[in-house]
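Open the model in your viewer and keep the selection tool ready.

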Amino acid sequence: MSKKSLRLNLDNVDQKILSLLQENGSLSNAELGESLSMSVTPCWRRRKKLEEEGVITGYQANLDRKQLGYDVLAFAQVRFGQHAAEDPDLFDKKMLELPQVLSCHKVTGEADYILIVIAENLEAYGKFVEDVLRKQPGIIAIQSSLSLREIKHINKIPT
């Protein structure tokens with residue numbers, strides 16, 4: 001893989017900090033410094049700078065959806081009839097409110113949006129489509145694909 005161009009000037013230490021924090025976001029500055037052979041204060045300053053510049057946008061635990069009872073992972077393609085209307089803007093706002101919508105992307109191609117949705121089971125997903133998606137104004141088509149088996153799922157960005 002070739003070296004990518006970075007929007008910010010990140011040196012090797014910054015990139016290593018990002019890599020370590022993606023592996024374990026709960027690392028203390030002392031643990032991070034130890035891994036980098038740095039003292040705590042310079043390590044803290046670099047981490048803080050990466051946060052302030054918006055490179056690090058937050059920290060979260062990765063959860064196993066199946067262990068939490070979400071057995072269905074669906075990809076819903078949504079198409080609108082009129083793009084000039086305010087319907088897509090209302091749709092954007094609605095998707096932000098829905099916790100079962102893990103990801104919503106405005107895309108090119110036949111669909112206008114692709115959603116990643118979790119549900120407890122097929123019946124719950126069907127209810128979501130009928131009671132939520134189909135009731136959004138301006139939608140003319142919804143096509144769902146269900147994940148049969150997850151091959152790869154990561155949230156890590158190469159550093």
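UniProt positions are given here in the numbering used in this tour, feature names are shortened, and annotations may be inferred rather than shown by experiment. The model is predicted: local features need pLDDT of at least 70, side-chain atom pairs count only at pLDDT 80 or more, and totals for chains, interfaces and linings use all residues. Residues are numbered from 1 along each chain as its sequence is written, and side-chain values use heavy atoms, with hydrogens and water left out.

**Stop 1: the annotated region**

Select residues 10-71. An unreviewed UniProt entry lists them as "domain: HTH asnC-type". This stretch is 53% helix and 0% strand, and its end C-alpha atoms are 40 Å apart. Helices (H or I, at least four residues) and strands (E, at least two) are DSSP runs, numbered from the N terminus.

Now colour residues 12-53 and 65-147 separately. They are domain 1 and domain 2 of the domain assignment, whose bounds come from an automatic or database source. Their C-alpha centres lie 37 Å apart.

**Stop 2**

Select α1 (residues 12-23) and α3 (residues 40-52). The axes of α1 and α3 come within 10 Å and cross at roughly 80°. Axes are lines fitted to C-alpha atoms, for helices over the stretch in contact, and angles run from 0 to 180 degrees between N-to-C directions.

Which residues make the contact? Show V13, D14, I17, L18 and L21 of α1 with R46, R47 and L50 of α3. Contact means heavy atoms within 4.5 Å. These residues divide into five nonpolar, no polar and three charged. Ala, Val, Leu, Ile, Met, Phe, Trp, Tyr, Cys and Pro count as nonpolar, Asp, Glu, Lys and Arg as charged, and the others, Gly among them, as polar.

N29, A30, L32, G33 and L36 in α2 meet V40, C43, W44 and R47 in α3. By class, this contact of α2 with α3 has six nonpolar, two polar and one charged residues.

**Stop 3: the sheet**

Select the four strands, which form an open antiparallel sheet in the order β2-β3-β1-β4. Two strands pair if DSSP finds at least two bridges between them. β2 (101-106) and β4 (139-146) stand at the edges with a single partner strand each, so one side of each has no neighbour in the sheet. On average, neighbouring strands are turned by 20° against each other, direction ignored.

Go through the pairs:

- β2 and β3 (residues 113-119) are joined by five bridges; V101 has V117 as its bridge partner in β3.
- β1 and β3 are joined by seven bridges; Q77 stands opposite I114 in β3.
- β1 and β4 pair over seven bridges; the partner of A74 in β4 is L146.

Zoom in on the hairpin of β2 and β3, which has six residues between the strands. In the turn, G109 has a positive phi of about 105°.

**Stop 4: helices on the sheet**

Finally, select α5 (residues 122-133). α5 lies across β1, β2, β3 and β4 and runs at about 165° to β4.
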